[in-house]
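Biologist: Hi! Could you walk me through this one in plain words?
Modeller: Happy to, let's look at it together.

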Amino acid sequence: MSKRRLRLLLVVGVALAAGGGAALGVNTLVKGVDSLLPDARRITTFNRPGTVTILSADGEVLQKLGPATREKVASGEMPELVKEAFVAAEDRRFYQHSGVDPTGIARAMVRNLSRGSVEEGASTITQQLARTVFLSQDRTLIRKLKEAALAGKLERQLSKQQILEQYLNYVYLGSSAYGVADAAWIYFSKTPDQLTVPEAALIAGLPPAPSVYSPLVNPELALQRRGIVLERMAQAGFIDSGELADAKASPLQLKPALPKFWNSRAPYFTGWVAQELPKVLSAEQLEVGGLTIRSSLNQAWQDEGQKVIAASASGGLEGALVTVEPGTGLVRTMVGGKDYSKSQFNRATQALRSPGSTFKLFVYLAALKAGMKPEDTVLDAKRCFAGYCPKNFGDRYLGRVSLATALQNSLNIVAVSLLQQVGFDKVIAMARSLGITRELGRFYPMALGAYEQTVLDMTTAYAGVINRGVFVPATPFEEISGPNGELLWSRRVDGDKGRRVVDSAIADAMVWMLQRVVSGGTGGAASLANRPVAGKTGTSEGARDLWFIGGIPQLTTGVWLGYDNNRKTGSDSGAAAAAWGRYMAVVVKDLPVRQFPPKPVLTGTFKPTKQANTTVQPGRPSTLPNPGEDRNRPEPSQEPPPSDRGQDLPPLPDLPDLPDLPDLPPPSAPPRGGGSRPEPPPRRPAPPQPARAPVAPPPQVNPSFPVAPPPLTPPPPVAPPPVP
């Protein structure tokens, strides 16, 4: 081999080595840069900061909050017309460049300099996607360099088809439209595959200035911009001259619509979700957003509850309904009023109303826990308690009756007498253990529901008893996932497992007594065919508040009816019980029939608690309005015979339906007492103020999330009822 040939081979070898080394160096550099950049495949799970999606228990979307893409076009289903319109308008060399287009940059610079204004951008579709998903909108050199680097990585990790589809699903197109599917719906009430050439061109012209070019804001500018896009589509060969002429002559033909899932399918419930979310997630998690909440709501039950409340609350009457699953605390239904569009005030969670005789649950439960039994007898006779003289309905008294019979007929004297014997502290402690957090004063009217509560709290308390004495706080959450699908919170792992409040035997005895209220007492309107029901009615003074709270073994539901301005309803608690029955009759159709545990045999021994200033003063007139009871309460025709200890109670005779008196309203300005000895009430208490519900705030279309609504302003004071 000649020396010349050897030198040539040596030169070629050196060149190849140098080229290979350079290529290896570039490849190493690219890999090094890529390792510092986000993974482009995260785009498929991208969510903008502050976005929240709330799902029902079965996975249906209830609402999407924040700057969320409300509807995406699935992979491979983006219409060709839409893709062509955006490529012509935004990046005509999209299929030729590798993320950054030097030719496009030069063309834009020449055009903008010749026109003396910025008429054409140089960012490719890939760059815009990188900026939307990974970067801010800051106009800085550093951001532009990062954008170019990310665009290159996107091109290396994703196909052109994937990049274009993701861009079309995320690009902001004005009027709260994030993506082509949202824009097609908001501007034309169509799906993307239904768009015409001029409609697709109009939407494709929006990205440079969505708020300026929006046809809902500036229709003339939108038409001009549409014309430019149509001409570019013709230049690119996507449409012919005839299609161009027809499209340019077409009017806007807008048909605006609200974004899908903008309004909640269960607004009272999702509003409560927004208030509860900060209790389970950190501020940082809420700020990042991209949250998906699988809630506890049963949408079919929710719809039925809304119908029942709307039908039961005629005229200006309002209502609320809550259904809780006793064993889990999951709220399956929450209706906070008749019409959310007219009033966003949630009467299930925010309205404070006198619970009437539904509060007797805590009195009787405390008595059973203290050693009493359902068959123990107590005296039902006219009497006063330290100056407070309650009355039974019709001013009739039954003499010695069992606890079960007293609850079945909702005898006020017996309830107050039990409070006296058991003691204020034990009754208050029982209410506290079942989730009642509002202040309870040490006054005898407490036994009859003098202190206002919410429907949610009272219903959850009853659920704890139906759950055999294990109280589980109410929750709207089943699971919460983060931006990348990671599980942030799970009820089964992180949720409150509940706590035992009373022994199961005591709870079962209480439930047995509540069953008699429905089967032969004041709650008859709530009975269900071939199913056991346990519950209690309640009516406040003047029948201003009508209640029924009860349940079957699987579910507990509370219903309230009344006026926001606290006026008298002219009705009775039978209306609430009937509404409960209509709702539950539909809900239980798909639930198996289950029985409550049988009546247990209690073996405790009761020792009365001495109260301060509790001398019995028969006949002394009360200075307070008459305490009432459920108007639909059946009145016994004769004194029922007392039952022997340890024996089941005999059935009550058939009782006529008579109107009843309302319960006593709250005492006026009770002092904040403390210490081990209960404080006696004033010698002559002032007439109590009736319970009031705050006036609802003006409607808001879509309140910010997750900030809770501001405090509600109460209505003007209502004059107290006259002293009898």
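**A chat about the sheet and its surroundings**

Modeller: Let's start inside the sheet: Ile293 stands opposite Ile480 in S9. Keep in mind that this is a predicted model.

Biologist: Okay! Which strand does S9 join through four bridges, and how do the two run?
Modeller: That is S3, and S3 and S9 run antiparallel. Strand S3 covers 291-295, and strand S9 covers residues 477-481.

Biologist: What holds strands together in general?
Modeller: Strands of a sheet pair through backbone hydrogen bonds, and the pairing can be parallel or antiparallel.

Biologist: And what is the strand order in the sheet?
Modeller: The order is S2-S1-S3-S9-S10, which makes an open sheet of five strands with mixed pairing. Strand S2 (61-65) and strand S10 (487-490) stand at the edges with a single partner strand each, so one side of each has no neighbour in the sheet. On average, neighbouring strands of this sheet are turned by 15° against each other, direction ignored.

Biologist: Back to S9, is it enclosed or open?
Modeller: Four of the five residues of S9 are buried, so the strand is largely enclosed by the rest of the structure.

Biologist: How many bridges join S9 to S10?
Modeller: Three bridges, and S9 and S10 run antiparallel. One of the pairings puts Ser481 with Leu487, its bridge partner in S10. The hairpin of S9 and S10 has five residues between the strands, and Gly485 takes a positive phi near 85° there.

Biologist: Which helix lies across these strands?
Modeller: Helix H12, residues 267-276, lies across S1, S2, S3 and S9. Helix H12 runs at about 50° to S2.

Biologist: New topic! Where is Gly290 found?
Modeller: Gly290 sits in the loop between helix H13 (283-288) and S3.

Biologist: Is Gly290 buried or exposed?
Modeller: Gly290 has 4% relative accessibility, so it counts as buried, the cut-off for that being under 20%.

Biologist: What does Gly290 touch?
Modeller: Leaving out residues up to four places away in sequence, Gly290 touches Asn47, Arg48, Thr51, Ser481, Gly482 and Pro483.

Biologist: Let's do helices. At what angle do H14 and H22 pack?
Modeller: Helix H14 (residues 299-312) and helix H22 (residues 573-587) pack at about 155°, with their axes 10 Å apart. That angle makes H14 roughly antiparallel to H22, because over 145 degrees counts as roughly antiparallel. The crossing of H14 and H22 is right-handed.

Biologist: Which residues meet there?
Modeller: From H14 you have Trp301, Glu304, Gly305, Val308 and Ser312. On the H22 side they meet Ala579, Arg582, Tyr583, Val586 and Val587.

Biologist: Last one: how many disulfides does the count come to?
Modeller: The count comes to one disulfide. Cys384 and Cys389 form it, with their sulfur atoms 1.8 Å apart. The link of Cys384 and Cys389 is right-handed, with 105° about the S-S bond.

Biologist: Are those two cysteines buried or exposed?
Modeller: Both Cys384 and Cys389 are buried.

Conventions
Residues are numbered from 1 along each chain as its sequence is written. This is a predicted model: local features need pLDDT of at least 70, side-chain atom pairs count only at pLDDT 80 or more; totals for chains, interfaces and linings use all residues. Side-chain values use heavy atoms; hydrogens and water are left out. A disulfide is a pair of cysteine sulfur atoms within 2.5 Å. Buried means under 20% relative accessible area, exposed over 50%, partly exposed in between (1.4 Å probe, protein chains only). Two strands pair if DSSP finds at least two bridges between them. Axes are lines fitted to C-alpha atoms, for helices over the stretch in contact, and angles run from 0 to 180 degrees between N-to-C directions. Contact means heavy atoms within 4.5 Å. Angles under 35 degrees count as roughly parallel, over 145 as roughly antiparallel, 65 to 115 as roughly perpendicular and the rest as oblique. A crossing is left-handed if the near helix is turned anticlockwise from the far one by less than a right angle, and right-handed if clockwise.
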